[in-house]
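Thanks for coming. I will go through one model and its ligand site, and then stop.

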Amino acid sequence: MTPFTKRIGVLGAGQLGRMLAIAGYPLGQKFGFYGSSDDEPSALLGHMYKQADDVDSLQTLVAFADVITYESENTDVDRVREIAKTTPVFPAEKSLFVSQHRGREKGMFDQLNIPCAPYQVVDSLDSLKVAVTEIGLPAVLKTTTEGYDGKGQFVLKSEEQIEQAWSEIGNRELILEGFVDFKRELSIVAVRNADNEHVYYPLVQNVHHDGILRYTIAPARDISDDIQQQAESYMHSLLDELDHVGVLTLELFETEEGLVANEMAPRVHNSGHWTIEGALTSQFENHIRAITGLPLGATTPRQPMAAMINIIGETGPVETVLKTPNAFLHLYDKAERSGRKLGHINVIAENEEQLFEMFKKFEAFLPK
Ligand code: AMP
């Protein structure tokens with residue numbers, strides 16, 4: 001045990017838990033996971049407290065842990081509230097409560113003067129029809145909770161589609177958002193610790209295909225200092241308002257009129273995976289530092305350019321990655337399945353030309 005070793009309990013045992021543990025071990029931290037099976041990506045990186053066993057395994061994890069964190073914004077808030085009575089949970093309940101509901105999230109953006117698309121929460125076909133007249137078309141209809149990778153969404157282009165949209169994803173609470181005519185999709189990862197230190201990574205550009213993040217370019221090209229400052233000031237307000245401890249990610253649209261917030265995640269994020277080799281301190285290490293009360297690490301990029309390419313569905317020709325200097329392979333120990341995130345490739349480069357060469361080399365991993 002080092003003087004600052006903490007036993008960290010992670011709710012969830014997927015690739016994010018795995019990468020948190022990989023980053024936390026050099027700092028002397030210990031890990032336990034609350035997962036569903038020994039086949040999950042985090043399984044060999046700490047003791048697995050299995051959900052299937054009984055409720056006691058959660059209590060055993062909590063008894064083991066000095067601090068609890070989680071991998072997903074869909075973590076049960078009541079459970080977190082209960083755990084927090086005996087053991088600190090970071091990020092705390094408020095961050096989770098706000099970010100697991102698109103309506104609450106947008107309400108907070110409004111409160112903090114962070115621009116976002118016009119929106120209305122609806123719970124019936126009639127209220128959806130009213131919202132369409134107020135917001136106008138095109139618009140995006142989304143479930144208020146549990147949407148991910150573009151699931152539970154319907155782009156409404158004409159009034160004739162309203163009933164179809166309601167029957168496809170409706171019969172539950174939805175949110176109608178004005179369609180944002182964006183140039184690029186960006187995101188920013190920020191970290192706050194309990195001593196109120198804040199650090200920010202540069203804005204990155206994210207490219208999605210079929211609703212799934214396929215690659216990230218870091219930093220995003222041609223971002224003025226003003227825009228970076230703007231994004232940091234939004235994050236500063238959110239981190240303080242939430243009294244957030246840990247990593248917080250904000251997804252944004254870049255438009256002609258400036259940045260427009262889309263959604264946030266109270267956790268390490270796929271668009272921050274580039275930081276493992278791309279920045280002086282990774283998002284994973286900084287999350288661990290934040291939740292264990294350590295000073296935060298520098299977020300400065302190691303090279304002028306970096307990128308992260310997701311490995312989706314099948315593992316593919318990963319030997320190419322191993323043979324390429326300045327390319328780094330991260331596999332999550334998951335079985336191949338269509339649309340599944342199995343790993344990612346990080347690359348660092350001195351300039352755009354080098355980065356472009358890498359993308360050509362790793363074409364097999366990019367969307368067709
Ligand atoms: P989300 O689950 O909110 O991240 O949405 C998934 C994807 O749908 C985003 O990455 C965007 O490409 C697109 N999208 C979501 N909301 C909007 C919007 N209001 N206007 C335009 N495109 C959107």
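**The ligand site**

Domain 2 (118-178) and domain 3 (184-365) each give at least three residues to the shell around the ligand; the domain bounds come from an automatic or database domain assignment. This is a predicted model, in which local features need pLDDT of at least 70, side-chain atom pairs count only at pLDDT 80 or more, and totals for chains, interfaces and linings use all residues. Residues are numbered from 1 along each chain as its sequence is written, and side-chain values use heavy atoms, with hydrogens and water left out.

The whole chain is divided into domain 1 (7-89), domain 2 (118-178) and domain 3 (184-365). Between the centres of domain 1 and domain 2, taken over C-alpha atoms, there are 35 Å.

Now the shell. There are 15 residues around the ligand, and K142, Q153, V180, E185 and E263 come nearest; a residue is near if one of its heavy atoms lies within 4 Å of the molecule. By class, 5 are nonpolar, 4 polar and 6 charged. Here Asp, Glu, Lys and Arg count as charged, Ala, Val, Leu, Ile, Met, Phe, Trp, Tyr, Cys and Pro as nonpolar, and the others, Gly among them, as polar.

Which atoms pair up with the ligand's nitrogen and oxygen atoms? A side-chain N or O atom of E185 is 2.5 Å from a ligand oxygen atom. V180 places a polar backbone atom 2.8 Å from a ligand nitrogen atom, and a polar side-chain atom of E177 lies 3.1 Å from a nitrogen atom of the ligand. Taken alone the ligand exposes 470 Å², of which the protein buries 88%, by the Shrake-Rupley method with a 1.4 Å probe.

Methods
Polar contact = N/O pair within 3.5 Å; in protein donor to acceptor, adjacent residues only side chain to side chain.
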